[in-house]
Amino acid sequence: MRSLLFVPGDSEKKLAKGFASPADGLIVDLEDSVAPGNKAAARRIACEFIRANRPATRAAIYVRVNEIGSGELDADLSAVMAARPDGIMLPKCAAFHDVEHLSTKLRVHEAENGIADGATRIIPLITETAAAVLAAQSYRPHDRLTGMTWGAEDLSASIGARTSRDGSGAYTDVFRLARALTLLAASAADAMAIDTVFPDFRNESGFRDDCLAAERDGFIGKLAIHPAQVDVINEVFTPSPEAVERSRAVVEAFRQAGNAGVVAIEGKMYDRPHLRLAERLLARAPR
Ligand code: COA
Ligand code: MG
């Protein structure tokens, strides 16, 4: 999944726009983009919309519920699981045990809605509090855990930082750490690392640079908050024909060498980590 577009769950207009966008996934939001007094209306609008329009979109449908302990989560799940989403985004995930906690709840809702046991995926937001950042080492593989992502806004509020970026646009230390821990935690848990939002949605060149840096560093996709961001994400996170060609050449060289430990291609050494990287890139390549 390259692009995941957030759509506020209480806006039918934005839901319609989101469902028509080329995003690989949609995250129908019941959390931060919905006012506290509008949660019940958002559940109703979002679920009716998903049920009616699901067949018309090729995107995976995720719903961002409210956090564990918010007092809203059970009502969110009761409503949205009837709409059979592909997955749930869990905000303010404190540690791996929150994934297991949600997974247990999902089993009940799957049974009640005739959904196959374990079919609903989970993507947690793993850096939204200071304690959550420090617990990034807790994640391990889990059948529902397909992707992991991070957030800077709630973390700023958690630590009291006025900004997450310095004057040159680079993340400050705590946010670089959160971003790096997300890459490491996702790899350790065999999940997709998905980069966080870029809120300055009119700044296209800044957004493209952010996407390029994320792709370079190992993220396989990015969250979007505006439909205009989706095309840029899809473009940057689709491996180029040249990159695919290079990776095929590496895989082929190892194959021809009888699956050796090390090969030479055009005067350069390639060993097993290069093969692994080439295979990872080919897994993301268009078919
Ligand atoms: N999903 C679907 N449609 C969206 C959208 C989104 N995330 N963001 C904007 N649109 C629609 C607008 O409704 C508008 O539709 P229209 O042309 O029919 O009027 C069109 O795209 C252009 O939008 P624009 O005028 O450029 O932006 P805006 O001022 O209407 O909206 C935001 C700006 C930030 C309020 C809006 O992008 C948004 O709601 N983003 C998602 C926020 C969110 O979910 N946050 C939680 C995660 S951090
Ligand atoms: Mg938030």
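Predicted model: local features only at pLDDT ≥ 70, side-chain atom pairs only at ≥ 80, totals over all residues.

User: Where is Asp76 found, and is Asp76 buried or exposed?

Analyst: Asp76 is part of helix α3, which covers residues 73-80. Asp76 is buried, because its relative accessibility is 1% and the cut-off for buried is under 20%.

User: Nice. Switching to the metal: what are the protein donors of the magnesium ion?

Analyst: For the magnesium ion, ligand 2, they are Asp32 and Asp154, each through OD, at 1.9 to 2.0 Å.

User: How far apart are Pro36 and Val244?

Analyst: From C-alpha to C-alpha they are 47 Å apart in space, and in sequence they are 208 residues apart.

User: OK, now ligand 1. Which residues come nearest?

Analyst: There are 16 residues around ligand 1, and the nearest of them are Phe6, Lys13, Lys14, Ile225 and His226.

User: What do the polar side chains do there?

Analyst: Let me take them in turn. Lys13 has a polar side-chain atom 2.8 Å from an oxygen atom of ligand 1. For Lys14, a side-chain N or O atom is 2.8 Å from an oxygen atom of the ligand. For His226, the distance from a side-chain N or O atom to a ligand 1 oxygen is 2.7 Å.

User: How much of ligand 1 does the protein cover?

Analyst: The protein covers 66% of its accessible area, which is 890 Å² for ligand 1 on its own.

User: Which elements give two or more residues to the shell around ligand 1?

Analyst: Those are strand β1 (3-8) and helix α1 (12-19). As for the site itself, ligand 1 takes up the space of the second largest pocket.

User: Changing topic to backbone angles. What is the phi of Arg84?

Analyst: Arg84 has a positive phi of about 50°, although this residue is not a glycine. Arg84 lies in the loop between α3 and β4 (87-90), and at 41% relative accessibility Arg84 is partly exposed.

User: And what about phi of Asn259?

Analyst: Asn259 has a phi near 60°, again a positive value in a residue other than glycine. Asn259 is in the loop between α10 (241-256) and β9 (262-265).

User: Last stop: where is Gly167, and is Gly167 buried or exposed?

Analyst: You'll find Gly167 in the loop between α6 (153-159) and α7 (173-188). Gly167 is exposed, because its relative accessible area is 91% and exposed means over 50%.

User: How far is Gly167 from Met269?

Analyst: The two are 102 residues apart in sequence, and their C-alpha atoms are 40 Å apart in space.

Key
Residues numbered from 1 in each chain as written. Chains lettered and ligands numbered in written order. Heavy atoms only, no water. Helix = DSSP H or I, 4+ residues; strand = E, 2+ residues; numbered from the N terminus. Buried < 20%, exposed > 50% of the residue type's maximum accessible area, 1.4 Å probe, protein only. Donors = N, O, S within 2.8 Å, 3.2 Å for Na, K, Ca; no water. Near = heavy atom within 4 Å. Polar contact = N/O pair within 3.5 Å; in protein donor to acceptor, adjacent residues only side chain to side chain. Areas by Shrake-Rupley, 256 points an atom, 1.4 Å probe, with all protein chains shown as cover. 1 Å grid on protein atoms, 1.4 Å probe; cavity = no way out; pocket = protein on both sides within 12 Å on 5 of 7 lines; lining within 4 Å. Sits in = over half its atoms within 2 Å of the grid points.
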